[in-house]
Number of protein chains: 2
Amino acid sequence: MQETQVEKLNQDIKSLQEQLEKAEQKIATTEKNFEKLREKFDLVFKNTIDIFMLVSAVTGKIFDVSSSVKEHLGYESDELIGKKFVELFPPEAEAQGEVIFDKIRIFDGVFAEETFYKNDGSICFMDLSAFMGEMAGTKVIFATLRDVSERKKRIEEVEKVKKMEGALAMSGAVSHELNQPLQIIIGFSDLIIKDKIDKEKLDVYLSKIKIQSKRMSKIIGKLTNITEYKTLKYIDSFEIMDINGTEEETENQNLT
Amino acid sequence: MQETQVEKLNQDIKSLQEQLEKAEQKIATTEKNFEKLREKFDLVFKNTIDIFMLVSAVTGKIFDVSSSVKEHLGYESDELIGKKFVELFPPEAEAQGEVIFDKIRIFDGVFAEETFYKNDGSICFMDLSAFMGEMAGTKVIFATLRDVSERKKRIEEVEKVKKMEGALAMSGAVSHELNQPLQIIIGFSDLIIKDKIDKEKLDVYLSKIKIQSKRMSKIIGKLTNITEYKTLKYIDSFEIMDINGTEEETENQNLT
């Protein structure tokens, strides 16, 4: 009887030891998986060029933010935790921040260019993408902020270049269209001044001047009524505005 | 002796049970932490608007990709796992893809607009940000791809609008500058034609026509040599090109 009891207890011990071993294995596996996932999460969240932000959809407060926020907005991650997301909008746009925040909640996501507030008080242009998700049963917002100040500056430069391009295409067309009638006017007025001419010839020359003046007037009138940006290939692959369209070309050619 | 043995065994069992209980608590905690982190990771990785991609820096193969890749590039996440990152570049740019991949490895990061290859064979413009990190002791690349096709289209539209703006500013200036001398030419040639005028008056009128023609010629010459985009406020807040600069203004005013 005593022997059986000891035997049974030893069996219990053996079984418990096995269970414990299994549990320890499970701990090791789970910890290893956790560690792997943590490395992956850190890789994605901590080193991103964009700013990743997790915000409670209930309180509107930031509870996690990638360290990249330092580079773009000048805040340490810790400084922002517990702050309201809308506080990142410039003072005059904080109300708009609330609107955006509401939009995220209502539409479950938003993608927009917004102005954000740096720690030093200056502003920063950011592409904001945000959407709703759930963590531990609570609604949370995951927001990505991408600094687009540089891009904005580049686009402004491109806009200026394009305006110049348009202006030069127009001036090229103007020069092309007006030079010829103008040379005719100058030529005939020179002829009248230099030569002693009879009344008949004078009338012919003057009518030429008159026709070319009217032609120029018509061209100038057309210039300011152009509604479509259309160009023609010109000398040296330079593009000039197509100010005539097709129907006018024949008319102009007949005038010279 | 027998009693002590049983007692000792019971103590061992008790100790083992305690250890097991603790281990089970540890499992529960670790699993809970894992679950929490998994939710957080999924929130960031799985639902993002951007495409998140994890690539082995050694083999160049994708080992994780957010499901958003379906929407923008048309691939299921699973389809891409095991594929080489550079295969996402269009066939003709695959070599360039290798260059970018090398850049990421050398500079530990890259931020550029690149052309990617959709599943249907069409191309897609993406902002690519990527950097190097480590996971389980191996070098990995975390890449973020943002679809900018829409933005690119919008910029192209803006560029066209800006070109038109430049062209209209120029045509406004041309019209403003040339109309007056042209009206003077027309006016004097009308006067000569309609009135019977003496030789002296004829010379005066013709010299007026000549002066205005030269003035126009000078203006047109200037138009094509403009190097800076500068505008003046005009009627109804319409902007016209400033084709004169300051030093010419006085001269022009004296000519009328």
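1. Start at B:M170: leaving aside neighbours within four places in sequence, this residue is in contact (heavy atoms within 4.5 Å) with A:A167, A:M170 and A:S171 on one chain, and with B:L223, B:I226, B:M241 and B:I243 on its own. Bear in mind that this is a predicted model, where local features need pLDDT of at least 70, side-chain atom pairs count only at pLDDT 80 or more, and totals for chains, interfaces and linings use all residues. Residues are numbered from 1 along each chain as its sequence is written, chains are lettered from A in the order in which they are written, and side-chain values use heavy atoms, with hydrogens and water left out.

2. B:M170 also turns up in the largest nonpolar core, which has 52 residues; A:M170, A:M241, B:M170 and B:M241 have the most contacts inside it. A core here is a set of buried Ala, Val, Leu, Ile, Met, Phe, Trp, Tyr and Cys residues joined through side-chain atoms within 4.5 Å, buried being under 20% relative accessible area with a 1.4 Å probe, protein chains only.

3. What does B:K162 touch, leaving aside its neighbours within four places in sequence? A:E159, A:K162 and A:K163. B:K162 sits in helix α5 (residues 149–194) of chain B, a helix being a DSSP run of H or I with at least four residues. The lysine counts as buried because its relative accessibility is 16%.

4. On the interface, 91 residues of chain A are in contact with 91 of chain B. The rule finds ten salt bridges across it (Lys or Arg side-chain nitrogen within 4 Å of an Asp or Glu carboxyl oxygen). A:K163 pairs this way with B:E165, with the closest N and O atoms 3.7 Å apart.

Conventions
Helix = DSSP H or I, 4+ residues; strand = E, 2+ residues; numbered from the N terminus. Buried < 20%, exposed > 50% of the residue type's maximum accessible area, 1.4 Å probe, protein only.
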